[in-house]
Amino acid sequence: MSTNVEKPQAADVDRPTRLRLYQLMVELRDFEQRAYELFLENLVRGTSHLALGQEAISAGYAVAMRPDDYTFCTYRGHGHTLARGASMAAAMAELLGRGNGMLHGKGGSMHLTDVKHGAMGSYAIVGAHLPIAAGAAWSAQVRKSGQVSVCFFGDGTTNIGAFHEALNLAVIWKLPVVFVCENNQYMEYTPIRSVTAVEHPAADRASAYGLQPILIDGNDADVMYETARQTIGKAREGGGPSLVEALTYRHGGHSRADPAKYRPDAEVREWLDRDPVKRYRERLLAAGIGEAEVNEIDTRAQQKVDAATQEARQGAPARVDEIERQVWSDGGAAWRN
Amino acid sequence: MAELSFREAIAAGIAQEMARDPMVYFIGEDVGAAGGVFKATVGLFERFGPERVRDTPISEQAIIGAAMGAAMTGLRPVAEIMFSDFLATCWDMVANQVAKTRYMTDGQVSLPLVIRTANGGGTRFGAQHSQSLENWGMSVPGLKVVAPSTPADAMGLLAAAIRDPDPVLFFEQKSLYGVKGEVPDGEHVDRLGSAKVLRNGKDCTIVALAAMVPRALRAAEKLEDLDIDATVVDVRSLVPLDTRTILGEIVKTGRLFTVEENPRLCGWGAEIASIAADECFDDLDGPIVRITTPHVPLPAADVLEDVAMPSVERIIETVRKSMR
């Protein structure tokens, strides 16, 4: 069984939207590259999972979302969180374990969350956030708020039970949720095709839940934006959930510990040629947008990342009194009187 | 005062809160028209309709995940896990997601949700439908854990759990469902984290939970014939834990016995024993003694299950020998 890659019509994406998509992608790219440099300086402790190469998915969806829509993402979630408008400095400081971090040092790289911008959390157990995203959609449905829940996850997630439980529930309850599989070809170190019964891990499973298979080029920001518009629109109008498989590639390894030597050189070269940021830049220039304007976006993104890095690095270490804060709603951690 | 069974008191507690707060929703397997496999939620579907009382597939991860996503976005869901043993199929949701998300997000997310579940033995269901798992919940920071022993407490503590701003695991000991008792008329809301002294004695303090409470009370009555005057404390809530009341009663008698349905290792009584040893050692007149189920999966046959679980006779015998 095989599903064809769809090519949604994307010709009429307007100029301001395109500039916004490009700006977001460049910012996410530069942030991740800076995060990598800070690892090399040993300033980022613990682990971190970069989404270098997967920027078109974050940007395409974020630009199509309403400010009060919900994003649920994985431990590879810096980009998805920032794309909703979260503070870059607070995110960077969280990676550095500083007191001015987004979560005051209690979450770290894998749990970036900014609820006031709709970034409802980064979840580090594979599959867990699919039912949770469905729950947020259920809440939106019964509150009649018109909000849509968008849930991003990797290809490896399609083989865990929570994926299937969430899809079934979302369909039978007709929930306003969009499930977006970022198929970057590798579960962690192992090619997804070698451990999955079907060729397209998400799209080929859609029919099991009565959903249309949607298989798209996840490295094309226009395609991502158009698919986001359609799937979010369907959910908002009461049409129920969608399952999208976006084909992409991570430029680096699974985590900071992984040099990704298991990937054939030719495959890496092929995907680097399809770099979503480089490709989109060329498309903007070809569409008649001046090089100076595009360069200006590049420069501003660098400046934004520089400022965020400086602010993060100036932060004091996380405060020790945070340890016993916010276990409970009263702000504390008391379990006895 | 009305006389209700434990199962009717559960339904009354949920109904009271659903009538009061339109954000309270109830989901689970067979909870709708069927009224729950233990008939603890009969009448809710008819009264509140299929949107607020909603059947789910057999998908425990989806049940808890959906309740969590809803709780973090404005609802106050009550989710039923049919048997507490099934918590093992969604323990990621309970222990990794529900319990930790408030802390990891530095309080950006609140999770006002209740997970109700039928717990414990005495029904001859065997090792996968009889476990007493309240100590699992107790071991995870971020979960409140409640286990009532009477219909009045079932209603009042469930109402309090639903109103609580944090996630609560609510254990209903299934052999108690048919037990009847007086429940106050009108609105009834209790307080989490409060133990109850059910009997005052001068010789020893017996601390028990859920189905072990009536057994401890019966044992205390019979111990009177042996000239042993026992205090009985119903813990009611493991998290938060009312150590003030529990330690206060231990100090008065100088002896502590715990009666736990949990298998031996890391049962909740071990924590109470440890606190007592730390904080009132000088007031103790003898060893702390834990009366527990042995460290075995619970067997199915009636004769085996009855011997495995702490019985009235075993409580009497253990206390008597230890008090000699």
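This text walks through a predicted model, from the contact between two chains down to one residue. Local features need pLDDT of at least 70 and side-chain atom pairs count only at pLDDT 80 or more, while totals for chains, interfaces and linings use all residues. Residues are numbered from 1 along each chain as its sequence is written, and chains are lettered from A in the order in which they are written.

Start with the two chains. In all, 37 residues of chain A are in contact with 42 residues of chain B; contact is taken as C-beta atoms, placed from the backbone, within 7 Å. On the chain A side, strand 2 (119-123), helix 5 (129-143) and helix 6 (161-172) each give two or more residues. Helices (H or I, at least four residues) and strands (E, at least two) are DSSP runs, numbered from the N terminus. Helix 5 of chain A gives the most, with eleven residues. By type, the chain A side divides into 20 nonpolar, 13 polar and four charged residues. Here Ala, Val, Leu, Ile, Met, Phe, Trp, Tyr, Cys and Pro count as nonpolar, Asp, Glu, Lys and Arg as charged, and the others, Gly among them, as polar.

Now turn to chain B. It is divided into domain 1 (2-183) and domain 2 (196-323), with bounds from an automatic or database domain assignment. The C-alpha centres of the two domains lie 26 Å apart. Between them, 26 residues of domain 1 are in contact with 22 residues of domain 2. Helix 6, strand 6 (144-146), helix 7 (151-163) and strand 7 (168-173) of chain B each give two or more residues to the domain 1 side. That side divides into eleven nonpolar, eleven polar and four charged residues.

Asn135(B) sits in one of these elements, helix 6 (residues 134-138) of chain B. Asn135(B) is buried because 21 other C-beta atoms lie within 10 Å; the cut-offs are 20 or more for buried, 12 or fewer for exposed, and partly exposed in between, with C-beta atoms placed from the backbone. Not counting residues up to four places away in sequence, Asn135(B) touches Asn262(B), Cys266(B), Gly267(B) and Trp268(B). Glu271(B) is 136 residues from Asn135(B) in sequence, yet 9.8 Å away in space, C-alpha to C-alpha.

Last, look at a helix pair in chain B. Ala11(B), Ile14(B), Ala15(B) and Met18(B) in helix 1 meet Leu44(B), Arg47(B), Phe48(B) and Arg52(B) in helix 2. The contact residues divide into six nonpolar, no polar and two charged.

Note on methods
Two residues are in contact if their C-beta atoms, placed from the backbone, lie within 7 Å.
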